[in-house]
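User: I would like to go through this model in questions and answers, with each cut-off stated where it is first needed. Please end every reply on the value or name that I ask for.

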Amino acid sequence: MLDDRWEDAAAYDRFMGRWSRQLASRFLAWLEMKPGAHWLEIGCGTGSLTRAILEEARPQSVTACDTAKDFVNYCAENLLYANLRVVAIPTGDLPAREGGYDAVVSSLVLNFLPDPIQALRQMRKACAPGGWVAACVWDYSEGMEFLRFFWDAAIALDPNAARLHEGSRFPICRPDALRHALGAADLEAVTVDPITIPTVFTGFEEYWGSFLNSPGPAPTYVSSLSQEARQRLAGRLRAEVSSAPEGSIHLQARAWAVKGMNRRRS
């Protein structure tokens, strides 16, 4: 299997950042944390959720962390807030705060972790008693339309691409699996809800261009193809993705948001 590329923070922001920013705002509104909370964000990436927390949730403090130093550096350079700390961490070693954090959150990260349930247990341990652990993930199997069209076309031309499809690779991105995972991490009052956002492209060139020279599973697959195979894939996608009369492409992206309360002290 191809190893997903994650080394280019700026390119990832162009690929997924605009959708992540829309989702972050909706996710925070759904979470309904009170102002003045202390937040810990796991896998901050390019800072879509980090910025939303700082600008919309009125936090006392935010600690954002990631294992990828390129993403940490990107956030440190682009998010200049006095109550923000951005840190690089080794896998499985979360920043600690005396008394814990009121909210321990992650956006679009849980499915990429090698052991999501263990990660959720670590998030709970970092969370204050009475605080919340929350995450959101894209619904790769059905609701993430611009990726679903991509993989349907890729698999039609290359059946081996099926093993790279996020819908197959990430079974946790479903409501029942998320509920089970938070329960297994000893979180209580678990709630799962859908969040749907529009994903609009000005035309096919913008849609196809988002898969070129970017990090993530789908762009990594495109980069592995020969020029001829790329052209075949682009041609099939152009024929399959419907557009408005003026050429714009209007799709939707559904995510699943999940939260659970930490009622334990360790």
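User: Which residues does serine 48 touch, not counting residues up to four places away in sequence?
Analyst: This is a predicted model, in which local features need pLDDT of at least 70 and side-chain atom pairs count only at pLDDT 80 or more, while totals for chains, interfaces and linings use all residues. Residues are numbered from 1 along each chain as its sequence is written, and side-chain values use heavy atoms, with hydrogens and water left out. Contact means heavy atoms within 4.5 Å. On that basis, and with residues up to four places away in sequence set aside, serine 48 touches Gly17, Ser20, Arg21 and Ala24.

User: Is serine 48 buried or exposed?
Analyst: Serine 48 is found in helix H2, residues 48-56, where helices (H or I, at least four residues) and strands (E, at least two) are DSSP runs numbered from the N terminus. Buried means under 20% relative accessible area, exposed over 50%, and partly exposed in between, with a 1.4 Å probe and protein chains only. Because its relative accessible area is 11%, serine 48 is buried.

User: At what angle do helices H4 and H7 pack, and what is the handedness of their crossing?
Analyst: Axes are lines fitted to C-alpha atoms, for helices over the stretch in contact, and angles run from 0 to 180 degrees between N-to-C directions. Angles under 35 degrees count as roughly parallel, over 145 as roughly antiparallel, 65 to 115 as roughly perpendicular and the rest as oblique. H4 (residues 116-126) and H7 (residues 175-184) have axes 8 Å apart and pack at about 50 degrees, which means that H4 is oblique to H7. A crossing is left-handed if the near helix is turned anticlockwise from the far one by less than a right angle, and right-handed if clockwise; for H4 and H7 the angle is about 50 degrees and the crossing is right-handed.

User: How many charged residues take part in the contact of H4 with H7?
Analyst: Ile117, Leu120 and Arg121 in H4 meet His180, Ala181, Leu182 and Ala184 in H7. Here Ala, Val, Leu, Ile, Met, Phe, Trp, Tyr, Cys and Pro count as nonpolar, Asp, Glu, Lys and Arg as charged, and the others, Gly among them, as polar. The residues of this contact divide into five nonpolar, one polar and, for the charged class, one.

User: How many nonpolar residues does the contact of H5 with H9 have?
Analyst: H5 (residues 145-157) and H9 (residues 217-224) pack at about 35 degrees with their axes 11 Å apart, and their crossing is left-handed. Leu147, Phe150, Trp151 and Ala154 of H5 make the contact with Pro217, Ala218, Tyr221 and Val222 of H9. By class, this contact has no polar residues and no charged residues, and the number of nonpolar ones is eight.

User: Which strands stand at the edges of the sheet?
Analyst: Two strands pair if DSSP finds at least two bridges between them. Seven strands form an open sheet with mixed pairing, in the order S3-S2-S1-S4-S5-S7-S6. Two of these strands have a single partner strand each, so one side of each is left without a neighbour in the sheet: S3 (84-88) and S6 (188-201).

User: What is the bridge partner of cysteine 136 in S7?
Analyst: Strand S5 (residues 127-138) and strand S7 (residues 249-261) pair in the antiparallel sense over seven bridges. Within S7, the residue bridged to cysteine 136 is alanine 257.

User: What separates the C-alpha atoms of serine 106 and cysteine 44?
Analyst: Serine 106 is found in strand S4 and counts as buried because its relative accessibility is 1%. S4 is itself mostly covered, with six of its seven residues buried, and four bridges join S1 to S4 in the parallel sense. Serine 106 touches Phe27, Ile42, Leu49, Met123, Ala134, Ala135 and Cys136, not counting residues up to four places away in sequence. Although serine 106 and cysteine 44 are 62 residues apart along the chain, their C-alpha atoms are separated by 7.4 Å.

User: What is the phi of leucine 108?
Analyst: Leucine 108 has its place in the loop between S4 and H4, and it is buried, with a relative accessible area of 8%. Most residues other than glycine have a negative phi. Leucine 108, although not a glycine, has a positive phi of about 65 degrees.
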